[in-house]
Amino acid sequence: MNQTLNNVSFIATLICISLFFLATSSSMIVTFTESKLHVHPLFIVLGLTLLTFLVGFAGLFGVKNGRAYAKSMATILVSAILMLITGCILVMGSLLG
């Protein structure tokens, strides 16, 4: 089960990275999500990244070999960095606008 959590969280981290770049590069997506969902797309990315971080941390408890440990640690590290970057963008954007 924990091996599945590691794989799912690693793939989800890659998806969150691509969603982050998609949300920051396209003004059409920002306009669409703000008009339809009334939320900025980076809040969605931040929520998904937080969920991925927690699942990656939960997958860390059942690691049996070094490769799974490295994958889980990479997931946690990349998710934490992405949460920091997204959070800083959202905080700075709310202060300036």
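**Talking through the model**

Modeller: Let me start with Gly93, which has its place in helix H4 (residues 66–96), where helices are DSSP runs of H or I with at least four residues, strands are runs of E with at least two, and both are numbered from the N terminus. This is a predicted model, in which local features need pLDDT of at least 70, side-chain atom pairs count only at pLDDT 80 or more, and totals for chains, interfaces and linings use all residues. Residues are numbered from 1 along each chain as its sequence is written, and side-chain values use heavy atoms, with hydrogens and water left out.

Colleague: Is Gly93 buried, exposed or partly exposed?

Modeller: Gly93 counts as partly exposed, at 42% relative accessibility; buried means under 20% relative accessible area, exposed over 50%, and partly exposed in between, with a 1.4 Å probe and protein chains only.

Colleague: And how far apart are the C-alpha atoms of Gly93 and Leu19?

Modeller: They are separated by 18 Å, while the two residues are 74 residues apart along the chain.

Colleague: Zooming out, how many helices and strands are there in the protein?

Modeller: The protein has four helices and zero strands, so the order from the N terminus reads α-α-α-α. The C-alpha trace spans about 45 × 25 × 20 Å along its principal axes, and buried residues make up 28% of the 97 residues.

Colleague: Which residues does Asn6 contact, beyond its neighbours within four places in sequence?

Modeller: Asn6, in helix H1 (residues 2–25), is in contact with Gly56, Gly59, Leu60, Ala68, Lys71 and Ser72 once those neighbours are left aside, contact meaning heavy atoms within 4.5 Å. Asn6 counts as buried, at 2% relative accessibility.

Colleague: Are Phe20 and Phe21 buried or exposed?

Modeller: Phe20 counts as buried, at 10% relative accessibility, whereas Phe21 is exposed, with a relative accessible area of 52%. In the other pair, Phe57 is partly exposed at 41% and Phe61 is exposed at 66%.

Colleague: Last topic: what is the phi of His38?

Modeller: His38 has a positive phi of about 55° although it is not a glycine. Most residues other than glycine have a negative phi.

Colleague: Where is His38, then?

Modeller: His38 has its place in the loop between helix H2 (27–36) and helix H3 (41–59), and His38 is exposed, with a relative accessible area of 68%.
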